[in-house]
Amino acid sequence: MSTLRRHLDAGGTLAGAVTAIEDIGHAVGVRLADRLTTNRSPFPSAKDALRFVCKDLWNFAFRKQADRLQTNRHKQVFEILDKEMRWVARLTPPAD
């Protein structure tokens, strides 16, 4: 049974269920990052950390490297572009 369904069946709110799912995602992410970086030295810069995400982490999660890493250093904005994201390929945008 899904976490969302369990939470709602127990009388919880939708916001509480979303928080529970986010907590699970955070815990999984922390464990995964720890597992993949155990034998690595610390990243000297944010860009090196993002390269790791684009190459190693993305490959582990999606069996492919991200298509592109785009940065705007002035605004401290980093974008990872993936043109064939299987998880969202079949989603349709909401109707206006």
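This is a predicted model: local features need pLDDT of at least 70, side-chain atom pairs count only at pLDDT 80 or more; totals for chains, interfaces and linings use all residues.

Two residues are said to be in contact, or to touch, when heavy atoms of the two lie within 4.5 Å. Leaving aside residues up to four places away in sequence, Trp-58 touches Val-53, Arg-63, Lys-64, Gln-65, Ala-66, Ile-80, Asp-82 and Met-85. One of these, Ile-80, is 22 residues away from Trp-58 in sequence, while the C-alpha atoms of the two are 9.8 Å apart in space. With Asp-82, the side chain of Trp-58 makes a polar contact, side chain to side chain, at 2.7 Å.

Is Trp-58 buried or exposed? Its relative accessibility is 14%, and because buried means under 20%, Trp-58 counts as buried. Of the 96 residues of the chain, 9% count as buried.

Turning to the chain as a whole, we find 3 helices and 2 strands, and these elements follow one another from the N terminus in the order α-α-α-β-β. The radius of gyration of the chain is 17 Å, well over the 12 Å that the globule rule gives for 96 residues, so the chain is more spread out than a compact globule. Among contacts between residues at least 6 apart in sequence, 23% join residues at least 24 apart.

Finally, the accessible surface of the chain comes to about 8100 Å², and 54% of this surface belongs to carbon and sulfur atoms.

Methods:
Residues are numbered from 1 along each chain as its sequence is written. Side-chain values use heavy atoms; hydrogens and water are left out. Helices (H or I, at least four residues) and strands (E, at least two) are DSSP runs, numbered from the N terminus. The radius of gyration is taken over C-alpha atoms; the globule rule is 2.2 Å times the number of residues to the power 0.38. Buried means under 20% relative accessible area, exposed over 50%, partly exposed in between (1.4 Å probe, protein chains only). Accessible areas come from the Shrake-Rupley method with a 1.4 Å probe; for residues, only the protein chains shown count as cover. A polar contact is a pair of N or O atoms within 3.5 Å; within protein, one must be able to donate a hydrogen and the other to accept it, and residues adjacent in sequence count only if both atoms are side-chain atoms.
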